[in-house]
Amino acid sequence: MATAARAPRGGTDAVAAPDLGAGRTPRPRRSADGCDFAAVRADFGLPAEFPTAALGEVEQNVAQPVFEADRVDATELPLVTVDPVGAKDLDQAVLLARRGTGFRVQYAIADVAAFVRPGGALDAEVRRRGQTLYLPDGNVPLHPTLLSEGAASLLPDQVRPAVLWTIDLDSDGVVTSALVRRAWVRSAAQLDYEAVQRSLRAGAAHPAIELLPVVGRLRREQAVRRGAIELGLPEQQVESDGAGGWRVALRPRLVVEEWNAEISLLTGMCAAEMMLDAGIGILRTVPDPEPPTVSALRRSAARLGVEWPEDLPPAEALAGLDPVRPEALAVHVAATRLLRGAGYTSFDSGPPPKPRHAGIGAAYAHVTAPLRRLVDRYGAEVCLAVSSGSPVPEWVRQALPALPSAMGSSDRVATQVERACLAQAQAWSLAGEVGSVFPATVLRTGSGDGEVFIAEPPVIARCAGDDLVEGQRIRVRLTRADPHRREVTFTTA
């Protein structure tokens, strides 16, 4: 629901921000000049620099990569990257083409293992960090920028080592084959979501992604059939106000981002199947919800007046709701209970008993963002070995048991940092407004309080009140906006 610095289902162009508190005249809000997120960095002990030994190792490995042999030349493929404007750590490059009545997806992933020697100083530091942390005033990268924004990044017109996936789909978007190998690639262009969206509307998309709407829609249809549970929730972000401060905003997600994400999900599912077939790997898992949990959500929907036919599974029911409606938004918030227990499951002697990711509706592995996430490097190595019929490298086998704990720890830190940045910006945005009354929508209820969504500025915060009803539109009074404690609270007006 919230994001500190990054980017529900897509429509024709973008997912509209919910209009759940209209009626109050928007006004510019910002923090005091010079405010930043240094306190958040200090509170969580986030590293400011990489160790000298790790930086020296990066320079050495950039000059002489680890894997130079056994790499096919795929530089003739006109792959392109599609990322947010200004991105430099480019993990993925894609090329979509027709193949008979179906499609071929070529997906190149930055080969980070070519620059990180197992057991070295850089490897140790990356294991400690786990993933890139995103803060509004600058990221805490997983790898030094010489690597993540330079030698390993799939920048345009540069020959780069990559892990190249070739995935064939039938006319319905169902996978018919998948293989992966090391390759040399050269991105033909660096594209951004907004420009791609405009080009697709104008019928002038880059040839590499002309088929993205077709393949993206087919894969979305397959997701609903699989029972993928997706939540259409308002996504908050912290952004610069252009005057030295920060504000909270809702960022509509372009439909092209949805389609692009489907290519990554497709690859992760193919990776998971390879791992399961081989009996070794590491999966991103979310347990399927228990029947009582689904029944409780049905009761919540009924109380809110949302129709949910008895024979309709949760995936289809949620996909059919428009989260702009207050009662539908409340159902989506309540549905977060269906996706509890996310984690990582490693295995080395046969498939695990519960390999599925309920949010995706299939087994899934992280392999497409190695510049930003530790586990992807290991997942890629497992798949490369399985696809080529080679043994999984011993350094990978030795690391697998510890990865779930390492990734779980880094996920918790990332979530806490994200929430702290958002809470800080919310408090800044509302400082000086204590006593003001706002239209709001009730998202959750508890004993004597609940959680409400304010549309302007887009804030989600605790609200005291005994008679709160999920999905109800009410008026609330701001009782606290404390930037030092990062707290915002309301009460019913």
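## Close-up views of a predicted model

**Figure 1. The loop that carries Asp 157.** Asp 157 is situated in the loop that runs between helix H4 (145-151) and strand E5 (159-169). The model shown in this and the following figures is predicted. Although Asp 157 is not a glycine, its phi is positive, at about 65°. Most residues other than glycine have a negative phi. The relative accessibility of Asp 157 is 56%, and the residue therefore counts as exposed, the cut-off being over 50%.

**Figure 2. The loop that carries Arg 486.** Arg 486 belongs to the loop between strand E17 (473-482) and E18. Its phi is positive, about 55°, although Arg 486 is not a glycine. Arg 486 has a relative accessible area of 18% and is buried, because the limit for that class is under 20%. Asp 157, by contrast, counts as exposed.

**Figure 3. The cis peptide bond between Glu 456 and Pro 457.** Glu 456 and Pro 457 are joined by a cis peptide bond with an omega of about -5°. Most peptide bonds are trans. Pro 457 lies in the loop that connects strand E15 (449-454) with strand E16 (459-464).

Figure 4. Helix H7 comprises 24 residues, 255-278. From the first C-alpha to the last, H7 reaches 35 Å, close to the 34 Å expected at 1.5 Å a residue. Of the 24 residues of H7, 20 are buried, so the helix is largely enclosed by the rest of the structure.

**Figure 5. The aromatic pair of Phe 37 and Trp 428.** A search of the whole structure finds 4 aromatic pairs. In the pair of Phe 37 and Trp 428, the ring centres are 5.3 Å apart and the planes stand at 65°; the pair is therefore edge-to-face, a class that requires an angle over 60 degrees. The pair links distant parts of the chain, with Phe 37 in the segment before helix H1 (38-43) and Trp 428 in helix H13 (residues 403-430), 391 residues apart. Phe 37 is buried, at a relative accessible area of 1%. Trp 428 also counts as buried, with a relative accessibility of 10%. Phe 37 and Trp 428 form one aromatic cluster together with Trp 246.

**Figure 6. The aromatic pair of Phe 438 and Phe 490.** Phe 438 and Phe 490 form an edge-to-face aromatic pair, with 5.9 Å from centre to centre and 85° between the planes. Phe 438 is in strand E14 (residues 437-445) and Phe 490 in strand E18 (residues 487-492), so the pair ties together parts of the chain that are 52 residues apart in sequence. Both phenylalanines, Phe 438 and Phe 490, are buried.

**Figure 7. Arginine side chains over aromatic rings.** Arg 71 lies over the face of Trp 184, at 5.1 Å from the ring centre. Arg 129 is placed over the face of Phe 50, where the distance to the ring centre is 3.6 Å.

**Figure 8. Val 185 in strand E6.** Val 185 is part of strand E6 (residues 175-186). The residue is buried, with a relative accessible area of 2%. The C-alpha atoms of Val 185 and Val 72 are separated by 8.9 Å, while the two residues are 113 residues apart along the chain.

**Figure 9. Gln 237 in strand E8.** Gln 237 is located in strand E8 (residues 236-240). With a relative accessible area of 11%, Gln 237 is buried. Its side chain makes a polar contact with the side chain of Glu 239, at 3.2 Å.

**Figure 10. The whole protein, as context for the close-up views.** The protein contains 13 helices and 18 strands. Its C-alpha trace spans about 70 × 55 × 50 Å along the principal axes. The radius of gyration is 23 Å, which agrees with the value near 23 Å for a compact globule of 493 residues. Of the 493 residues, 54% count as buried. The accessible surface comes to about 20,600 Å², and 49% of this area belongs to carbon and sulfur atoms.

Methods: Residues numbered from 1 in each chain as written. Predicted model: local features only at pLDDT ≥ 70, side-chain atom pairs only at ≥ 80, totals over all residues. Heavy atoms only, no water. Helix = DSSP H or I, 4+ residues; strand = E, 2+ residues; numbered from the N terminus. Expected span 1.5 Å × (residues − 1). Buried < 20%, exposed > 50% of the residue type's maximum accessible area, 1.4 Å probe, protein only. Phe/Tyr/Trp six-rings, centres within 6.5 Å; stacked < 30°, edge-to-face > 60°. Lys NZ or Arg CZ within 6 Å of the ring centre and 35° of its normal. Rg over C-alpha atoms; globule rule 2.2 N^0.38 Å. Areas by Shrake-Rupley, 256 points an atom, 1.4 Å probe, with all protein chains shown as cover. Polar contact = N/O pair within 3.5 Å; in protein donor to acceptor, adjacent residues only side chain to side chain.
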